[in-house]
Amino acid sequence: MDMWFDRVTPDGSETRLQRSLIPEVPVAIEINGLGYAVMMATPTDLEDFATGFVAAERLGAAVEVESHQAEQGVVLRVTLADPSTVIERVRHRTTDSSCGLCGIDNLEAALRPLPKIEDDSAATSAAIFRAAEALRDHQPLNRETGAAHAAALCSAEGEIRLVREDVGRHNAFDKLVGAMARQGLGWDGGFALISARCSFELVEKAVLAGCPLLAAISAPTALAAERAREAGLRLAALVRPDAMLRLVP
């Protein structure tokens with residue numbers, strides 16, 4: 001949506017202008033008829049979001065996603081491939097666009113053991129630099145609003161194959177994984193590139209998606225680095241034009 005603003009400079013001058021703002025709405029996720037979570041998200045590619053979300057929650061594969069517009073937001077009704085799946089935990093309160101853990105009460109559930117990465121990436125450092133340089137050209141929503149994160153599927157040569165955007169960095173990654181599943185795409189020796197800080201939950205999402213290499217424009221948290229090392233996930237951080245940091249295994 002577009003809104004008017006006054007642009008104020010240090011010398012006190014003001015200029016009125018119109019600026020596009022990124023949408024952010026409550027998205028309720030129902031799984032097999034059970035209310036599971038409410039996320040604040042950008043209402044685009046929501047079927048991809050739901051598909052990736054249930055995979056990241058370790059609930060199995062989604063066979064159907066129905067989107068329903070409500071007065072307050074959007075309801076996504078997800079049907080799992082295995083109807084007997086037991087929903088062991090429900091996120092009890094609305095989370096904001098930057099956090100995917102706000103409703104989890106059990107710390108053991110939040111830090112469950114991760115599987116080991118079995119595949120490897122053939123991407124070189126040059127490929128990571130190449131993808132990072134090209135990412136901005138694949139972010140139309142961020143170009144318009146300046147407020148969207150991106151998650152990209154990149155080939156081993158550094159070509160960007162698929163991108164998803166969202167106001168929340170976790171949401172963007174869920175959308176990417178969901179889009180890959182829906183389109184039958186694999187990592188194929190490539191890697192994931194994210195435009196945000198590398199939190200431990202993004203590392204967890206990457207590992208659960210079988211991603212062999214995660215590259216981030218910003219820095220990782222200590223826990224993210226520890227979890228990546230434990231799972232055997234290759235991690236590149238602070239990827240900038242002049243340098244990047246590569247986690248030592």
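Asp188 and Arg161 meet in a salt bridge, with their closest N and O atoms 3.4 Å apart. Asp188 sits in the loop between helix 5 (169-183) and strand 9 (191-194), while Arg161 belongs to strand 8, so the pair ties together parts that are 27 residues apart in sequence. Please keep in mind that this is a predicted model. Here is a tour of its charged pairs, its sheet and hairpin, and its packed helices.

**The chain as a whole**

- The chain folds into seven helices and 12 strands.
- Of its 249 residues, 45% are buried.
- Among contacts in the chain with a separation of 6 or more, 51% are between residues 24 or more positions apart.

**Salt bridges**

- Side chains of opposite charge can pair when their charged atoms come close.
- Searching the whole structure turns up 10 salt bridges.
- To return to the opening pair, Asp188 is exposed, at 61% relative accessibility, whereas Arg161 is partly exposed at 32%.
- Salt bridges with shared partners join Asp45, Asp48, Arg164 and Arg182 into one network.
- Within that group, Arg164 bridges to Asp45, and their closest N and O atoms are 3.8 Å apart.
- Arg164 comes from strand 8 (residues 160-166) and Asp45 from the loop between strand 4 (34-41) and helix 1 (46-56), so this bridge ties together parts of the chain 119 residues apart in sequence.
- Buried or exposed: which is Arg164? Its relative accessibility is 13%, so Arg164 counts as buried.
- Another salt bridge brings together the side chains of Asp120 and Arg234, at 3.5 Å from N to O.
- This pair also links distant parts of the chain: Asp120 is in the loop between helix 2 (107-110) and helix 3 (125-135), and Arg234 is in strand 11 (residues 234-237), 114 residues apart.
- Asp120 is exposed, with a relative accessible area of 55%, and Arg234 is partly exposed at 30% relative accessibility.

- Strands of a sheet pair through backbone hydrogen bonds, either parallel or antiparallel.
- In which order do the six strands of the open sheet lie? The order is 8-7-9-10-11-12, and the pairing is mixed.
- Strand 8 and strand 12 (245-246) are the edge strands, each pairing on one side only.
- Strand 7 (residues 149-154) and strand 9 run antiparallel and are joined by four bridges.
- Ala151 has Ile194 in strand 9 as its bridge partner.

**A hairpin and a neighbouring position**

- Strand 3 (residues 25-31) pairs with strand 4 in the antiparallel sense, over seven bridges.
- Together, strand 3 and strand 4 make a hairpin with two residues between them.
- In the turn of this hairpin, Asn32 has a positive phi of about 50 degrees.
- Across the pair, Val27 stands opposite Met39 in strand 4.
- The C-alpha atom of Val27 is separated by 9.5 Å from that of Gln69, which is 42 residues away along the chain.
- Gln69 is part of strand 5 (residues 62-69) and counts as exposed, at 68% relative accessibility.

**Helix packing**

- Two packed helices are described by the angle between their axes and the distance between the axes.
- Helix 6 (residues 200-208) packs with helix 7 (residues 222-231) at an angle of about 20 degrees, and their axes are 8 Å apart.
- Helix 6 and helix 7 are therefore roughly parallel to each other, the cut-off for that label being an angle under 35 degrees.
- Their crossing is right-handed.
- Helix 6 makes this contact with Phe200, Val203, Glu204 and Val207, and helix 7 with Leu223, Ala224, Arg227, Ala228 and Ala231.
- Helix 5 and helix 6 have axes that come within 10 Å and cross at roughly 5 degrees, which makes helix 5 roughly parallel to helix 6.
- What does each helix bring to this contact? Arg169, His170, Phe173 and Asp174 come from helix 5, and Glu201, Leu202, Lys205 and Ala206 from helix 6.

Conventions: Residues numbered from 1 in each chain as written. Predicted model: local features only at pLDDT ≥ 70, side-chain atom pairs only at ≥ 80, totals over all residues. Heavy atoms only, no water. Salt bridge = Lys/Arg side-chain N within 4 Å of Asp/Glu carboxyl O. Buried < 20%, exposed > 50% of the residue type's maximum accessible area, 1.4 Å probe, protein only. Pairing = 2+ DSSP bridges. Axes fitted to C-alpha atoms, helices over the stretch in contact; angles between N-to-C directions. Parallel < 35°, antiparallel > 145°, perpendicular 65-115°, else oblique. Left-handed = near helix turned anticlockwise from the far one by under 90°. Contact = heavy atoms within 4.5 Å.
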